[in-house]
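Here's a quick tour of one protein chain. Have a look at the fold first, then we'll walk through it piece by piece.

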Amino acid sequence: MTYEIEKKFLVSNDVIPEIKEKTKITQAYLQVNSIEERIRSKDNIYYHTIKQDKKDANGLVRSENEAIISKQKFQDLLKRHIGNIIEKTRTTIPLENDLAAELDIYDGELEGLVIVEVEFPNEQSASDFHPPQWFGKEVTADKRYKNQSLALNGLPK
């Protein structure tokens, strides 16, 4: 089992850095209780992922098990999705200290939402992180901005 240590921030459309390489992502949720189960298509590779929050980590640390699946398996599982299918365009932007920002620009029902996430090698580096000026409000602990909540509830009000 691996752990994902991640911070999430809102970004205003008018401060997004220039984007050169883009990846289209489609993802859907199969379960969103205490365990999050999702499928994702990215660059014609298909994934099945299960995540679970670490107790008392406020959304910062989650266990993550991910496997590559076939396109057919993805399509079969997609029929079982709950909520809306999320579509977004992602670009990766290098940051200091060998970190990278994953900038997601949402389409469809979530158009206008822009979020940036940074994954960290450990909790100390997450704690020491100082976001660049173009990052907006941190929403790591705000469950309304988790993709599963966006799929089930739409844009936060």
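## A strand residue to start with

Which residues does Lys 24 touch, not counting residues up to four places away in sequence? Lys 24 touches Ser 41, Lys 42, Asp 43, Lys 88, Thr 89 and Asp 107, where contact means heavy atoms within 4.5 Å. Lys 24 itself lies in strand β2, residues 23-32. With a relative accessibility of 52%, Lys 24 counts as exposed; on this scale buried is under 20% relative accessible area, exposed is over 50%, and partly exposed is in between, with a 1.4 Å probe and protein chains only.

## What you're looking at

This is a predicted model, where local features need pLDDT of at least 70 and side-chain atom pairs count only at pLDDT 80 or more, while totals for chains, interfaces and linings use all residues. Residues are numbered from 1 along each chain as its sequence is written, and side-chain values use heavy atoms, with hydrogens and water left out.

## The overall fold

The chain has 8 strands and 3 helices. Starting at the N terminus, the order reads β-β-β-β-β-α-β-β-β-α-α. Helices (H or I, at least four residues) and strands (E, at least two) are DSSP runs, numbered from the N terminus.

For 157 residues, a compact globule would have a radius of gyration near 15 Å, and the chain agrees, with 15 Å. That radius is taken over C-alpha atoms, and the globule rule is 2.2 Å times the number of residues to the power 0.38. Along the principal axes, the C-alpha atoms fill a box of roughly 40 × 35 × 30 Å. Buried residues make up 46% of the 157. Of the contacts with a separation of 6 or more, 57% are between residues 24 or more positions apart. The chain exposes about 9,100 Å², and carbon and sulfur atoms supply 46% of that; accessible areas come from the Shrake-Rupley method with a 1.4 Å probe, and for residues only the protein chains shown count as cover.

## The largest pocket

The largest pocket has a volume of about 360 Å³. Its lining takes in 26 residues, and Glu 4, Glu 6, Arg 38, Lys 51 and Glu 117 lie nearest the centre. By type, the lining residues split into 19 charged, 4 polar and 3 nonpolar. Here Asp, Glu, Lys and Arg count as charged, Ala, Val, Leu, Ile, Met, Phe, Trp, Tyr, Cys and Pro as nonpolar, and the others, Gly among them, as polar. Elements that each supply at least two lining residues include β1 (2-10), β3 (35-42), β4 (45-53) and α3 (147-153).

A pocket, on a 1 Å grid over the protein atoms alone, is an open set of points where a 1.4 Å probe fits, with protein on both sides within 12 Å along at least five of seven lines; lining residues have an atom within 4 Å of a point. Grid points are joined across faces, edges and corners, and a volume is the space filled by probe spheres set on the points.

Phe 74 lies in helix α1 and, at 6% relative accessibility, counts as buried. Beyond its neighbours within four places in sequence, Phe 74 is in contact with Thr 26, Ile 39, Arg 40, Ser 41, Tyr 46 and Ile 69.

Leu 78 is also found in α1, which covers residues 71-78. At 22% relative accessible area, Leu 78 is partly exposed. Leaving out residues up to four places away in sequence, Leu 78 touches Ala 28, Ile 39 and Ile 85.

Over in strand β1 sits Leu 10. Setting aside neighbours within four places in sequence, its contacts include Leu 113, Val 114, Ile 115, Phe 135 and Tyr 145.

Now for the backbone. Most residues other than glycine have a negative phi. Asp 43, in the loop between β3 and β4, has a positive phi near 55°. Asn 97 has a positive phi too, near 60°, and is found in the loop between β6 and β7 (100-106). Asn 97 counts as exposed, at 67% relative accessibility.
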